[in-house]
Number of protein chains: 4
Amino acid sequence: MQTIGISAKTTSEDALAFAARVTADLRGRGYNVCFDYGTADRLGDRGKCVAKSDLGKHSELLITFGGDGTLLSVARHAPKDVPILGVNMGTLGFLTEVRVEDFPEVMERVLAGDFESEKRVTFDVEVRGPGRDHRKYRVLNDATINKSALARIIEMRVTVGGQFVSSFRADGLIIATPTGSTAYNLSAGGPIIYATMGAVVLTPICPHMLSNRPIVLPDDLEIEIGIATPNQEIFLTLDGQEGLPIAQNDKVCINRSPNPVTLVRTSKTSYFDVLRTKLKWGEG
Amino acid sequence: MQTIGISAKTTSEDALAFAARVTADLRGRGYNVCFDYGTADRLGDRGKCVAKSDLGKHSELLITFGGDGTLLSVARHAPKDVPILGVNMGTLGFLTEVRVEDFPEVMERVLAGDFESEKRVTFDVEVRGPGRDHRKYRVLNDATINKSALARIIEMRVTVGGQFVSSFRADGLIIATPTGSTAYNLSAGGPIIYATMGAVVLTPICPHMLSNRPIVLPDDLEIEIGIATPNQEIFLTLDGQEGLPIAQNDKVCINRSPNPVTLVRTSKTSYFDVLRTKLKWGEG
Amino acid sequence: MQTIGISAKTTSEDALAFAARVTADLRGRGYNVCFDYGTADRLGDRGKCVAKSDLGKHSELLITFGGDGTLLSVARHAPKDVPILGVNMGTLGFLTEVRVEDFPEVMERVLAGDFESEKRVTFDVEVRGPGRDHRKYRVLNDATINKSALARIIEMRVTVGGQFVSSFRADGLIIATPTGSTAYNLSAGGPIIYATMGAVVLTPICPHMLSNRPIVLPDDLEIEIGIATPNQEIFLTLDGQEGLPIAQNDKVCINRSPNPVTLVRTSKTSYFDVLRTKLKWGEG
Amino acid sequence: MQTIGISAKTTSEDALAFAARVTADLRGRGYNVCFDYGTADRLGDRGKCVAKSDLGKHSELLITFGGDGTLLSVARHAPKDVPILGVNMGTLGFLTEVRVEDFPEVMERVLAGDFESEKRVTFDVEVRGPGRDHRKYRVLNDATINKSALARIIEMRVTVGGQFVSSFRADGLIIATPTGSTAYNLSAGGPIIYATMGAVVLTPICPHMLSNRPIVLPDDLEIEIGIATPNQEIFLTLDGQEGLPIAQNDKVCINRSPNPVTLVRTSKTSYFDVLRTKLKWGEG
């Protein structure tokens with residue numbers, strides 16, 4: 001490892017301070033550090049910095065300081081062979097399970113190459129329709145189609161692997177990866193999906209038909225969602241972080257990305273340990 | 001009865017044609033007819049017409065032709081002593097249970113004063129906050145607080161009868177009357193509430209905490225919802241038909257209106273008959 | 001107050017020990033104490049004791065030491081004018097909000113008559129059918145109809161106030177009071193109902209039809225549930241504590257009892273405070 | 001194909017009559033027919049008959065006449081290379097999509113070997129514990145752990161692939177295959193799982209913790225459920241058809257069976273067509 005990419009939650013003084021300390025330490029040991037613009041700016045650091053979406057391309061390891069959102073914003077652009085280590089600043093995250101106090105020990109092992117990692121499925125999302133370019137957006141958590149607050153119920157025509165599934169009339173539709181199944185999907189009534197499974201779940205948001213239950217699908221079928229409702233404000237949101245307007249006759253096409261995300265796994269906690277803690281299963 | 005208010009779904013040729021026929025018949029029998037502007041315009045009728053929100057004030061009876069939305073748009077402005085008769089144009093509605101083929105017989109009885117009616121609770125909704133006037137909006141179905149599609153989760157601080165209930169973190173919150181319990185509330189996971197009961201239900205939309213279940217309350221306690229989230233686009237929607245932006249430090253205050261809505265009841269179907277048909281309980 | 005009824009959770013050494021101490025104190029101050037048989041037996045106390053179902057009739061005040069179950073087992077037999085004070089032995093209950101450390105102060109106020117109380121609706125449950133006596137069972141939480149583990153789905157024909165509601169095909173049906181809405185009803189997907197409201201909720205357990213949602217009703221309508229399935233083991237359970245087999249052609253009839261239960265209210269916590277704590281709304 | 005196994009719903013005169021006709025036709029064309037005992041008995045047929053659990057072993061093709069239950073009772077014992085054709089007698093089933101009127105044409109194609117089939121995952125279920133034999137039960141739909149109607153909430157300690165998941169306190173737990181995801185699992189709030197996917201879903205029944213949501217897992221991990229509750233009547237049910245009592249310290253162990261079930265697929269309807277029809281998505 002020569003270059004280590006670092007991104008911190010720019011609204012957290014704690015995250016920034018800790019990122020600065022780690023940076024100094026890494027540089028002292030001969031590593032190059034690369035920031036995203038926002039982190040560099042907040043740290044007043046004059047070292048190398050690039051756009052968040054390029055951070056993974058310039059690094060052999062990515063470390064984020066903050067919550068799941070901070071990790072997501074970097075991870076969904078990262079190449080598949082760059083491991084990502086998420087450090088939380090106090091509250092355990094689904095993706096950021098390393099605590100500040102455990103970080104030094106974890107980092108030693110990661111720098112020594114003595115760590116396990118796991119691949120998480122990501123999806124490529126493309127909007128096809130009149131006047132659309134062919135830009136693909138990659139998501140680690142979910143792609144969400146959502147009506148605006150003042151719009152009426154929207155109708156979405158869904159096909160999977162070329163087969164017509166149904167026309168869903170709902171406030172929206174969440175297409176979540178296993179990683180994203182514990183995020184927005186859970187609030188909308190979707191199931192938890194084992195993190196490293198090759199699956200995707202379609203969960204309608206406030207569906208008109210009560211029998212429109214979440215559907216779990218294998219991750220190797222193309223999902224196509226046609227917007228069938230005219231004259232309504234509708235948005236596609238990517239990992240809850242980026243959004244673009246869509247409209248009637250647009251088709252949202254979702255395919256498994258050839259690039260999974262590689263998360264550093266520490267041995268201390270299992271996937272189920274995190275679930276139990278985050279969802280408070282142990283109590284009450 | 002001297003004047004009968006008539007409103008038709010302006011996008012339905014069937015509803016307009018039937019409204020025109022009924023109008024001609026009523027005038028032939030010596031009744032005055034008053035339209036809302038939209039209906040008059042679409043019918044090309046030069047008779048008396050007023051704003052939808054005033055239609056009830058100029059009528060001793062209101063008849064709507066269309067779906068539940070058509071009735072709602074008139075009913076939520078109607079005085080409490082003006083009965084409302086909803087005629088559906090093919091599909092049974094929760095509020096519009098009279099079919100075209102049954103209409104002549106029903107109308108005779110209504111004109112003869114030989115009918116039953118039932119009162120439905122409505123709520124007055126007011127936004128209190130910096131720079132707000134004291135306008136009250138009346139709802140028959142629901143008041144909904146909703147984040148915009150691109151906004152993040154919002155936090156709403158709820159008090160009931162002056163007692164703090166909880167801070168809900170969710171996409172939004174539905175405050176539904178018994179009448180509205182079978183509308184949006186049902187899609188969001190709320191219960192059915194017996195139509196003529198003195199109750200209200202608070203149903204969070206996609207809540208972050210899975211234990212934030214719908215709460216049914218008596219209808220005589222003031223409900224106050226404070227917006228605790230800054231810098232997000234948030235809207236208050238009234239009966240799904242009218243919306244206004246709200247923001248941090250605004251308080252949405254909801255009280256039972258002194259004016260219930262009076263619906264004409266035909267003896268043919270009970271409330272549960274309508275539920276069974278609309279929710280397809282009888283089948284499968 | 002001359003006689004104070006005392007019941008403790010007989011499997012809890014803490015509850016028994018504390019009950020013994022309180023008993024000694026009360027007797028020292030000139031009060032009579034009456035136990036239920038189980039508590040007397042476990043305490044080895046030779047004082048007055050009666051059946052749990054009679055404890056309320058021999059007391060002017062009831063105090064329970066244990067959890068909600070302990071209180072329920074006494075309260076559902078208590079006359080309406082006997083206040084009940086529930087002391088929890090460590091874990092806050094929905095019904096037993098007084099902590100051991102707060103008990104002395106609360107008791108002083110109760111003995112001085114300086115306390116508030118609230119009435120909770122109870123229901124009388126009767127099974128009508130061939131060979132049935134007319135015994136009525138009173139419930140404070142819920143009456144539940146449940147198939148046995150090996151039985152198939154059962155069909156229950158429900159009428160409310162003489163009107164046919166629907167035939168529910170499900171594992172069972174919960175009829176819960178507002179007090180019971182936060183118990184089994186919540187696990188089965190039912191809503192929370194404000195504790196002192198005049199309401200009842202019907203919640204099907206694992207219904208075959210996904211549109212068979214919970215229904216909230218006013219508490220003054222008779223609910224009748226006819227068992228339409230032959231040859232299956234089916235049980236009626238009362239407050240989760242008492243059960244009896246029922247069969248095809250039996251009718252379970254539920255009416256508001258003329259005897260509500262009177263709970264001592266301490267000023268320290270509101271109903272919503274208890275909800276927030278029990279359902280962990282404050283966290284996460 | 002030499003021998004064709006035939007099983008009919010023994011309580012349906014239509015199914016029996018149609019089975020008799022098909023049998024005569026097949027014999028006339030030189031095929032051997034083998035019945036299960038119940039069908040042979042009801043038909044009064046003196047031909048070859050065996051136990052249901054052996055029917056697949058004596059046949060090169062299985063045909064069932066009745067509903068999903070009839071097919072399930074035969075299929076879960078069938079070897080993996082024996083295709084199964086389910087004929088429904090009026091109501092479309094999830095597993096029995098061939099209608100009587102389409103049967104002749106479908107049968108011709110099947111006899112000619114001109115048909116597609118699909119493999120459905122099954123699971124082997126074994127109860128390990130004191131005094132238990134090592135009998136394995138195979139399920140095509142689900143294994144369900146359920147408390148008896150009068151028992152209290154039970155606690156089940158779940159591990160997956162050797163990792164502790166959680167202790168679930170609930171009325172029970174459903175472990176459903178993709179095929180069974182649209183059966184009991186759906187009523188308990190579980191998701192739909194694409195039928196041919198390598199997955200399994202754990203769905204708690206009326207869980208005490210509202211955050212105990214269904215969990216979807218890959219089908220190649222051993223699921224072990226330890227009963228942690230003493231002195232309660234608890235049952236394990238297999239495909240809703242066979243049940244056995246289990247108790248504290250028993251462990252229910254579930255592994256993917258090496259024998260999937262082979263269903264004949266007719267080209268007329270897709271999996272999603274069946275879902276839409278059965279769940280009434282197309283309407284309302």
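With which side chain does the side chain of B:Asp36 make a polar contact at 2.5 Å? The partner is the side chain of B:Thr39.

This is a predicted model, in which local features need pLDDT of at least 70 and side-chain atom pairs count only at pLDDT 80 or more, while totals for chains, interfaces and linings use all residues. Residues are numbered from 1 along each chain as its sequence is written, chains are lettered from A in the order in which they are written, and side-chain values use heavy atoms, without hydrogens and water.

**View 1. Polar contacts of B:Asp36.** B:Asp36 belongs to strand 2 (residues 32–36) of chain B; strands are DSSP runs of E, at least two residues, and helices runs of H or I, at least four, numbered from the N terminus. Besides B:Thr39, the B:Asp36 side chain has a polar contact with the side chain of B:Ser7 at 2.9 Å. A polar contact is a pair of N or O atoms within 3.5 Å; within protein, one must be able to donate a hydrogen and the other to accept it, and residues adjacent in sequence count only if both atoms are side-chain atoms.

**View 2. The contact of chain B with chain A.** Each chain gives 20 residues, contact meaning heavy atoms within 4.5 Å.
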